[in-house]
Amino acid sequence: MLTFTSYKALFIAVALVGSLLLSTPTLVLFMPWSGEAFSEIWVLGSSHTTSDYPFNVTAGEQYTIYLGVANHMAGTSYYTLKVKFRNQTDSYPDTDLGKASSLPTLNEYRIVIPDGGVWEKQLTLSFSNISTLGNRCVIQNLKINDLTFNVNKQAQWDSKNAGYYYQLLFELWIFNPSTQSFQYHNRYSAIWLNMTSPV
Amino acid sequence: MKALFVLLLWFLLFGALVFSCRAASDSEVSSRISEAENTLRNAFETVTKAEQLGANTTGLVSELRNAGELLNEAETAYRIGNLDGALSKADESITVANKVFYAATSLFASFSVKTQRTFLNTIVFSAVGIILFLIALTLIWLWFSRRYNKKLLKMKVEVT
């Protein structure tokens with residue numbers, strides 16, 4: 001047989017457990033969502049795979065890529081995708097510091113995606129007005145879909161990898177309602193391009 | 001007098017025609033695109049507020065997406081120098097985003113009341129539940145301790 005003190009302890013334990021169970025619905029209201037929130041960004045080649053990215057590019061040709069974003073932020077998100085064009089020495093996004101590339105933005109895509117939703121866009125790229133000066137290559141125009149950008153970007157001959165290397169960079173920015181501005185989301189995707197036959 | 005009236009009317013009609021056919025100016029398009037951006041942001045914020053309250057915003061998000069696409073098209077048209085096209089797309093974006101904003105505002109208002117009521121009901125349920133549970137437990141404890149004590153008093157002392 002239990003002692004009087006043991007019964008007392010049992011009643012107190014039942015009282016505590018019962019109170020906790022009854023207060024659960026209220027506690028749930030105050031508990032923040034604890035899942036992992038993240039976004040995805042990707043670039044795929046013309047056949048929707050990672051194996052056929054355009055790499056060796058030339059003036060006058062058209063190249064197709066697919067740009068995609070997926071939202072897993074536990075709510076609808078408003079993104080801006082910034083398109084930048086760089087050579088091997090230009091500024092690159094810093095993942096450790098969460099800083100975007102300081103290069104100017106060529107074009108922006110505003111996207112509203114519900115939680116779990118995906119956005120994808122086909123981009124057609126072409127280059128024109130390419131020239132070489134000694135061991136330097138200069139791309140004057142980059143065309144993405146209907147828009148021609150005067151990029152005037154030069155690249156040094158990379159003797160190690162034998163080419164003039166450029167990179168098309170896509171940065172993901174997200175709208176922050178508390179600051180009323182877009183902030184770099186520390187996500188980017190990029191493809192390397194080797195200008196093979198300057199015209 | 002009649003001729004003067006006809007002349008005045010002709011001038012007014014001509015003026016209206018010229019006004020309606022004029023090409024959009026660069027600054028006008030630029031400011032309209034900014035307006036479309038702001039409208040889209042406001043609509044987005046209102047939709048997310050309604051969403052956080054548990055409202056079904058699937059349709060509104062889809063409309064917001066359209067507004068964003070229209071804004072992208074307006075900017076593309078602006079960059080290639082198609083000012084009239086840009087103005088038209090920016091206006092379309094504003095119209096869609098405004099529609100979403102008003103729908104989301106009313107959804108937010110109705111869900112705000114509903115959520116407050118649910119919130120209050122939950123707190124009241126928990127509080128009343130805990131109080132009743134503790135009262136019941138105390139009564140059981142009083143009955144039990146009395147019974148326990150009685151049982152103790154009825155016990156006979158055995159001397160060995």
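**Positive-phi residues, strand pairing and the A–B contact**

His48(A) lies in the loop between β1 (38–44) and β2 (56–58) of chain A; strands (E, at least two residues) and helices (H or I, at least four residues) are DSSP runs numbered from the N terminus. The model is predicted, with pLDDT of at least 70 required for local features and 80 or more for side-chain atom pairs, whereas totals for chains, interfaces and linings use all residues. Residues are numbered from 1 along each chain as its sequence is written, and chains are lettered from A and ligands numbered from 1 in the order in which they are written.

Most residues other than glycine have a negative phi. His48(A) has a positive phi, near 65 degrees. This residue counts as partly exposed because it has 13 C-beta neighbours inside 10 Å (buried, 20 or more other C-beta atoms within 10 Å; exposed, 12 or fewer; partly exposed, in between; C-beta atoms placed from the backbone). Gln180(A), in the loop between β9 and β10 (181–197) of chain A, has a positive phi of about 55 degrees.

Strands β4 (77–87) and β9 (163–176) of chain A pair in the antiparallel sense over nine bridges, where pairing requires at least two DSSP bridges between the strands. Tyr79(A) stands opposite Ile174(A) of β9(A). Strand β8 (147–158) of chain A runs antiparallel to β9(A) and is joined to it by two bridges. Asp158(A) has Gly163(A) in β9(A) as its bridge partner.

The contact between the chains (C-beta atoms, placed from the backbone, within 7 Å) takes 24 residues from chain A and 30 residues from chain B. On the side of chain A that touches chain B, α1(A) gives the most, with twelve residues.

Methods. Two residues are in contact if their C-beta atoms, placed from the backbone, lie within 7 Å.
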